[in-house]
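Hi,

Here is the structure I promised to pass on.

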Amino acid sequence: NYWPAISLSGAIISKTTSLPPIEAMAIYMPLAGGLAIIIFYTITKTHYGKETAYIASLLFGTVFTHVYFTAGVTKETYANPLYLTIILILFNQNIVKKKSTIAAFTILSIALAFTHHLTSVILATIIISITLAKIIDGLKTGREINKIEPLLAIIFLTTLTLYFTLYAKKIFNFTTEDQILTASSFQIVAFALAAYLTLKPYRYSRNGAIISTIAATAFTTATIIIILSTNFSPKPYFTPTVQRHILPYLLPYYLIIPFIVQGYIACRRIGSPVPLIFWFSAVAGLQAYSLFTSTGLDLTLWIRTPNFLYPPAAILVALGLYKTYKIGGKKIFQTLAKLTVIVVILAIAVTNLYSLHASVNLQDRYMGYHWLYTRQEYFAGLYVSKLYDGTVAGDMKVSYLIDHYYKLNVDVLQGYRYLAEETRVRPKLLFVYGQMFRNGYVLGLHGIVLSSDWTRRLYELNQIYANGLTTLYAG
């Protein structure tokens, strides 16, 4: 186990509360997930006011991908409070100046490194970006540069380096020098763009703000039209069919774009935008890397980085929404602005909540339903692990359970080829579960529809186990 912190904390909580680990974690992990929102609210309120903090927390607390990835006993759930606490320290100069901060920051760095490797790597990128930006900003403006901040960056990077080189080297051997160099080049471009937007002299222009917002709205509209009317696809596995199907679920991401622009304008007028903008740009650089390259990391980053992009984006959007809500001018424009803000916030919250419902309850084919496992599927996996040591034929959902949890070999393509009648070779053991009849055979990110009579192939096999939702067949 290369990220043992969650297991250790679960054992400690179980011993402390005298509850079984499953019950203890069922209570503690939702509290950890809720704590992340409280820390995020504190970050926002300290710098941008309670109104902006309320709006940002509502947006972040309901965003589908965040809720989905932190809904259970996962590394992300445990890592989020640690990650956001470190961000809180980087944002707050009063905390940074305290002598006890170095010790607390070191403990947080070690805890995060042993909790979730991807969160740690992304946070390292954010820390480097924010620290360099503050140094450049200090040199440019003549402000005193806090010497503790570079020290904190060194502490975190040293901790992460020691963790990967001495303890978890095996899980990080899929990265190459070329991939690191390419990702770094995207970071340099993102940093340069953020530096241009934040460090240049700024003078507010009402006309400029209106034009920028209209341009952002036009870009959003054009993107939706392209998705609906063309076969353009940014990734081979994100086909036009998938894009059109999940477009309603992605509505919040399109709605926030104009308000991110408004938020940037508000951020520049309030004060130094360095921490927020460079937090956003560091994650956006990784997202761009995943979108425009084809490496072993692109799929992982493309799916996971929105969770890290949404917190700074939520603050920018909240700033933009609040700025729009408080707009001056004629009464009719004020009323229209307030109505627009209310409708947008409700649309984002409702869409995100429905997306979670569609994934967990409706188990929509394209919304990650295969990450949800039933008791019957675990029981079937346990049965297989005790009585069989060969290769199991099954889809990606089966592979995650049988391979990653029960440590048996799974041949994903063998099961698909047999059920799709691409081969007559019978699998020695085929794992079939109830949702496969509705959503198909999971290859990659979603279920692939099988022929209408695919179950006919099952009659050629011997049923050796069934528990209502899961069936095992021997060839």
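First, a term: helices (H or I, at least four residues) and strands (E, at least two) are DSSP runs, numbered from the N terminus. Helix 2 is followed by G49, which has a positive phi, near 95°.

Before I go on, this is a predicted model, so local features need pLDDT of at least 70 and side-chain atom pairs count only at pLDDT 80 or more, while totals for chains, interfaces and linings use all residues. Residues are numbered from 1 along each chain as its sequence is written, and side-chain values use heavy atoms, with hydrogens and water left out.

Buried residues (under 20% relative accessible area; exposed is over 50%, partly exposed in between; 1.4 Å probe, protein chains only) in helix 2 include A24, M29, G33, F40 and Y48.

Now the cores. A nonpolar core is a set of buried Ala, Val, Leu, Ile, Met, Phe, Trp, Tyr and Cys residues joined through side-chain atoms within 4.5 Å. The largest has 84 residues, and I126 and W279 touch the most other members. Helix 16 (residues 298-325) supplies the largest share of this core, twelve residues. Apart from it lies another core of 31 residues, with A393, L408, V432 and Y465 among them.

Strand 6 (residues 462-466) and strand 7 (residues 470-474) pair in the antiparallel sense over four bridges; pairing takes at least two DSSP bridges. The bridge partner of Y465 is L472 in strand 7. Three residues lie between the strands of this hairpin, where G468 takes a positive phi near 105°.

On to aromatics: rings of Phe, Tyr and Trp (its six-membered ring) pair if their centres lie within 6.5 Å, with planes under 30 degrees apart stacked, over 60 edge-to-face and the rest tilted. That rule gives 21 aromatic pairs. In one of them, the rings of F191 and F278 have centres 5.0 Å apart and planes at 55°, so the pair is tilted. F191 lies in helix 10 (residues 177-199) and F278 in helix 15 (residues 274-292), so the pair ties together parts 87 residues apart in sequence. Ring pairs also link F114, Y163, F164 and Y167 into a cluster.

Cheers
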